[in-house]
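Please read them with the structure open.

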Amino acid sequence: MFTISFSQVENNKSPLIHIEHEVTMRPEFLERSQKLLYQAKNVHLVGDAFYSEPYVTCDLHVTADLVVPSSRSLEPVNYHEDFHFSENYSEDQVAKEELEASETPIVQIENDQIDLQTAIEDNLLLHIPTTILTPEEEDQDIYPEGQGWAVISETKFDEGKKNQVNPAFAKLKELLDQKDNQQDKN
């Protein structure tokens with residue numbers, strides 16, 4: 001578990017504490033995220049922590065090599081993450097209004113420990129794109145299919161909808177055509 005001390009950052013003579021760390025994912029994290037993430041390796045953290053009353057702020061940059069499921073087929077996809085995030089940490093309980101007004105998330109800590117491990121793990125999950133495809137799915141526009149069913153693109157769905165006849169209107173058209181034919185006979 002990767003943590004830093006709130007009081008150590010608060011009382012440090014230097015205005016910034018530089019952090020550089022190779023992060024190992026905990027088994028419980030991989031178990032918790034098993035449907036979103038198959039594997040995480042080479043997780044590297046670089047950043048700074050500083051005290052700005054009443055918070056310790058961590059400004060962090062994370063890179064990681066992940067294996068995630070394709071959003072179409074659930075096949076494993078290699079994905080490199082590279083993102084930045086900041087969080088404020090407080091020893092005291094923060095008012096709901098302050099939490100809502102702050103652009104930077106505020107996390108209440110316990111026992112003087114800032115849990116950077118959980119922050120990194122949570123942000124790894126948050127930064128996985130909602131749509132991620134295998135190279136084949138992307139290049140060949142492949143969708144999953146089975147016996148009697150197939151997933152289609154939104155474009156194909158819209159095209160099919162344009163060409164689809166509404167059954168109620170088809171019946172009405174048939175009745176109108178019959179009425180027109182009867183009027184022509186008279």
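1. **Terms and count.** Helices here are DSSP runs of H or I with at least four residues, and strands are E runs of at least two, numbered from the N terminus. On that basis the protein has 7 helices and 9 strands. Keep in mind that this is a predicted model.

2. **Overall form.** The C-alpha trace spans about 105 × 40 × 25 Å along its principal axes. Of the 186 residues, 31% are buried. Among contacts with a separation of 6 or more, 63% are between residues 24 or more positions apart.

3. Five strands make an open sheet in the order 2-3-4-5-6, with mixed pairing. Strand 2 and strand 6 (106-108) are the edge strands, and each pairs on one side only. Neighbouring strands are turned by 30° against each other on average, direction ignored.

4. **Strand pairings.** Strand 2 pairs with strand 3 in the antiparallel sense, over 7 bridges. In this pairing Ile17 stands opposite Ala49 of strand 3. Strand 4 and strand 5 also run antiparallel, joined by 14 bridges. There, Asp59 faces Ser86 of strand 5 across the pairing, standing opposite that residue. Strand 5 and strand 6 are parallel, with 3 bridges. Ser90 has Gln108 in strand 6 as its bridge partner.

5. **The hairpin turn.** Strand 4 and strand 5 form a hairpin with 6 residues between them. Leu74 sits in the loop between these two strands. Its phi is near 70°, a positive value in a residue other than glycine. Is Leu74 buried or exposed? Its relative accessibility is 54%, so Leu74 counts as exposed, the cut-off being over 50%.

6. **Two further backbone points.** The peptide bond from Glu53 to Pro54 is cis, with omega near 5°. Pro54 belongs to the loop between strand 3 and strand 4. Asn111 is in the loop between strand 6 and strand 7 (113-115). Phi of Asn111 is near 55°, again positive in a residue other than glycine. Asn111 is exposed, at 71% relative accessibility.

7. **Helix 4 against the sheet.** Helix 4 lies across strand 2, strand 3, strand 4 and strand 5. The helix runs at about 135° to strand 5. Why call helix 4 largely enclosed? Because 8 of its 11 residues are buried. The buried set is Leu116, Gln117, Ala119, Ile120, Glu121, Asn123, Leu124 and Leu125. At the N-terminal end, Asp115 caps the helix: a side-chain oxygen of Asp115 lies 3.2 Å from the backbone nitrogen of Gln117.

8. In soluble globular proteins, nonpolar side chains tend to be buried together. Here the largest nonpolar core has 33 residues, and Val43, Leu116, Ile120 and Leu124 touch the most other members. Two or more residues come from each of helix 1 (6-10), strand 2 (17-23), strand 3 (39-52), strand 4 (55-69), strand 5 (76-90) and helix 4 (116-126). Strand 4 gives the most, with 7 residues.

9. **Leu124 in detail.** Which residues does Leu124 touch, leaving aside those up to four places away in sequence? They are Met25, Val43, Val62, Ala64, Leu66, Glu81 and Phe83. Val43 is also among the core residues that touch the most other members.

10. **Ser5.** Ser5 lies in strand 1 (residues 3-5). Ser5 has a relative accessible area of 12%, so it counts as buried, the cut-off being under 20%. Its side chain makes a polar contact of 3.2 Å with the side chain of Ser7. A polar atom of the Ser5 side chain also lies 3.2 Å from the backbone nitrogen of Gln8. Beyond residues up to four places away in sequence, Ser5 touches Asp112 and Gln113.

Definitions and conventions: Residues numbered from 1 in each chain as written. Predicted model: local features only at pLDDT ≥ 70, side-chain atom pairs only at ≥ 80, totals over all residues. Heavy atoms only, no water. Buried < 20%, exposed > 50% of the residue type's maximum accessible area, 1.4 Å probe, protein only. Polar contact = N/O pair within 3.5 Å; in protein donor to acceptor, adjacent residues only side chain to side chain. Contact = heavy atoms within 4.5 Å. Core = buried A, V, L, I, M, F, W, Y, C linked by side-chain atoms within 4.5 Å. Pairing = 2+ DSSP bridges. Axes fitted to C-alpha atoms, helices over the stretch in contact; angles between N-to-C directions.
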